[in-house]
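This report covers strand pairing and salt bridges in one model. The sequence and structure are shown first.

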Amino acid sequence: MKINVIDREGRQHELEATPGWKIMEVIREAGLDIKAECGGCCVCSTCHVYVDDAWLDRLPAIEEDEEEILDDACELKPASRLSCQLKMAEELDGLTVTLAPEWA
Ligand code: FES
C-alpha cells in the first residue's frame with residue numbers, strides 16, 4: 001500500500017505504508033519534515049496535513065479531541081487533519097496529503 005505526500009517545497013513522495021500505522025508514522029519514518037512533537041497523542045497539532053479533496057469523504061469522521069487540537073493549528077483549512085489520527089488501511093491506499101506549514 002502507498003500514500004503520496006507533498007512536502008513544503010511542493011515535491012511529491014510516494015511512500016510505502018504499512019496497514020495499522022498512523023499516517024504520521026509513515027511520514028516520519030520516511031524522513032520527511034514532520035515534527036509530531038507529542039508522538040501521536042493528539043495534543044500538539046504539529047502533524048497537521050491537508051488531505052487531497054478526492055480523499056476527504058473517504059476518511060473516518062473527525063473526533064472531538066482531534067477537532068479541538070486542530071483549532072489551534074496554524075493555517076487551518078477545511079481539508080485539515082491530524083495525521084496521527086489517521087490509520088493506514090486498505091481503503092486509504094493511494095491517499096494524498098500535503099504537509100501543512102510549520103509554526104513560525
Ligand atoms: S503528533 Fe501531536 S497531535 Fe499528532
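## Terms and basis

A salt bridge is a side-chain nitrogen of Lys or Arg within 4 Å of a carboxyl oxygen of Asp or Glu. The model is predicted, so local features need pLDDT of at least 70 and side-chain atom pairs count only at pLDDT 80 or more, while totals for chains, interfaces and linings use all residues. Residues are numbered from 1 along each chain as its sequence is written, and side-chain values use heavy atoms, with hydrogens and water left out.

## The Asp 7, Glu 9 and Arg 11 network

The structure holds 6 salt bridges. A network of these contacts links Asp 7, Glu 9 and Arg 11. Arg 11 meets Asp 7 at 3.0 Å, N to O, and Arg 11 also meets Glu 9 at 3.3 Å, N to O.

Asp 7 is buried, at 8%. Arg 11 is partly exposed, at 48%, and Glu 9 is exposed, at 57%.

## The Glu 16 and Lys 2 pair

Another salt bridge joins Glu 16 to Lys 2, with the closest N and O atoms 2.9 Å apart. Glu 16 lies in strand S2 (residues 12–16) and Lys 2 in strand S1 (residues 2–6), so this pair ties together parts that are 14 residues apart in sequence. Strands here are DSSP runs of E with at least two residues, and helices are runs of H or I with at least four, numbered from the N terminus.

Glu 16 is exposed, with a relative accessible area of 55%. Lys 2 is partly exposed, with a value of 34%.

Two strands pair if DSSP finds at least two bridges between them. S3 is joined by 3 bridges to strand S4 (residues 80–82), and the two run antiparallel. In this pairing His 48 stands opposite Leu 82 of S4. A further 3 bridges join S3 to strand S5 (residues 95–99), again in an antiparallel arrangement. Here Val 51 stands opposite Val 97 of S5.

Technical notes
Buried < 20%, exposed > 50% of the residue type's maximum accessible area, 1.4 Å probe, protein only.
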